[in-house]
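Subject: Handover of a structure and notes on it

Dear colleague,

Please find below the structure that I am handing over to you.

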Amino acid sequence: MSDDSPSIEQLRQQIDALDSQMVEILAKRAEVTRQIGIYKSKVGLPVYVPSREAELLATRRQQGEQRGVSPDLVEDILRRVMRESYQTQNEQYVCTNPAVKNIVVIGGAGALGKVFVQMFRRSGYHVSILEKNDWAKAPDMLANAALVIVSVPIAITETIINQLQHLPHDCILADITSIKQKPYQAMMDRHQGPVVGLHPMFGPDVSSLVKQVVVVCHGKQPDAYQWLLEQMKIWGASLYETTAQEHDQAMAFIQVMRHFSSFVYGNHLRQENPDLQQLIALSSPIYRLELAMVGRLFAQDPSLYADIIFNNRDSIELLKRFRDRFDDALTLIESKDKAEFIKQFFMTGSWFGDYAKQCLKDSKKLLLKADDDRTFD
């Protein structure tokens with residue numbers, strides 16, 4: 001190295017200066033996105049516009065390639081920045097139906113109920129919260145409600161719905177329960193006015209509804225609750241329409257089977273009692289992610305997951321079939337039938353089709369993020 005070459009300290013100073021410039025640019029960008037959020041709230045534009053995001057990413061990827069910067073790196077950085085930008089636009093939203101004078105959220109003090117209470121209030125609606133100790137005031141609170149949302153534990157949802165009285169004929173009755181058929185039918189039987197079943201496919205820890213899925217099960221008088229669906233779109237949510245029966249059948253796979261499998265796996269670890277810290281230290285990124293998803297379950301409310309697993313009518317037979325197939329796979333190992341194992345592996349890969357390749361690509365991004373977050377003493 002020549003004498004006039006910069007020292008490592010000088011190079012690090014250049015890096016520090018450039019990093020400082022990036023922070024300043026991020027601050028300026030955040031201020032612009034805040035102004036965009038204000039504009040959107042005034043004119044009624046949704047927070048998340050997929051076409052705009054796709055256009056921005058494509059343009060910056062091309063620019064990165066031209067400048068010798070990895071397009072994937074550019075996209076990773078921009079996606080993280082845009083996620084933060086959506087939060088800066090999460091302060092206020094346009095109200096799609098100013099005529100609505102009162103919204104009542106039953107269970108609005110609960111974890112998920114709070115999310116909807118906050119979102120409605122940020123949109124300018126008046127929201128009342130009805131909890132179990134407020135039932136004496138329920139007739140007065142419900143008498144002028146334009147929308148009533150039931151956000152209570154699954155086990156008591158039907159009971160609460162059946163106790164509802166004094167609802168105005170034009171009041172919308174909705175639930176946000178993860179089981180749909182029974183609450184849906186209870187609402188249809190109980191209320192003569194508009195009815196819609198909703199299932200937010202996210203937990204109470206979300207920072208916004210941008211890119212979050214809300215399942216919609218249409219009931220009575222859909223025109224009357226169209227403003228509610230539009231309001232959720234304004235919040236950035238993606239709506240997926242299905243029937244209550246189809247919903248519960250899908251949730252048996254999406255929720256029940258996965259949560260039950262995680263429960264059994266975590267319970268098995270507890271009883272085998274390996275050194276958890278050693279498992280974490282020796283694990284590959286993919287195993288740490290898998291272990292994190294199991295551990296995440298046990299950091300949450302057990303009654304919620306018990307309700308999800310125990311109250312889905314399609315779950316028991318599905319779980320029994322899963323158990324039988326687990327035993328069948330174990331038999332292959334016991335009999336050392338590696339050829340049959342490989343045959344079934346290929347058959348399952350064929351069933352997944354191109355989605356398996358997409359999963360490989362998507363999981364690679366997660367693994368890189370897991371590597372970035374890993375620290376050593």
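The model is predicted, so local features are given only where pLDDT is at least 70, and side-chain atom pairs only at pLDDT 80 or more, while totals for chains, interfaces and linings use all residues. Residues are numbered from 1 along each chain as its sequence is written, and side-chain values use heavy atoms, with hydrogens and water left out.

Aromatic pairs

The structure holds 10 aromatic pairs. Rings of Phe, Tyr and Trp (for Trp, the six-membered ring) count as a pair if their centres lie within 6.5 Å; planes under 30 degrees apart are called stacked, those over 60 edge-to-face, and the rest tilted.

One of these pairs joins Phe 116 and Trp 235; it is edge-to-face because the planes stand at 70°, with the ring centres 6.4 Å apart. Phe 116 belongs to helix α4 (residues 111-122), whereas Trp 235 sits in the loop between α8 (226-234) and β7 (238-241), so the pair ties together parts that are 119 residues apart in sequence. Helices (H or I, at least four residues) and strands (E, at least two) are DSSP runs, numbered from the N terminus.

Buried means under 20% relative accessible area, exposed means over 50%, and partly exposed lies in between (1.4 Å probe, protein chains only).

A second example is the pair of Phe 260 and Phe 263, which is tilted, with 6.5 Å from centre to centre and 35° between the planes. Both residues lie in helix α9, 3 residues apart, about one turn of the helix. Phe 260 is partly exposed at 29%, and Phe 263 is partly exposed at 39%.

Ring pairs also link Phe 116, Phe 120, Tyr 125, Phe 202, Trp 227 and Trp 235 into a cluster.

Positive phi angles

Which residue in the loop between β5 (195-200) and β6 (213-220) deserves a look? In that loop lies Lys 211, whose phi is near 70°, a positive value in a residue other than glycine. Lys 211 is partly exposed, at 40% relative accessibility.

Asn 273, also not a glycine, has a positive phi of about 55°. Asn 273 is found in the loop between α9 (244-272) and α10 (276-282), and it is exposed, with a relative accessible area of 61%.

Yours sincerely
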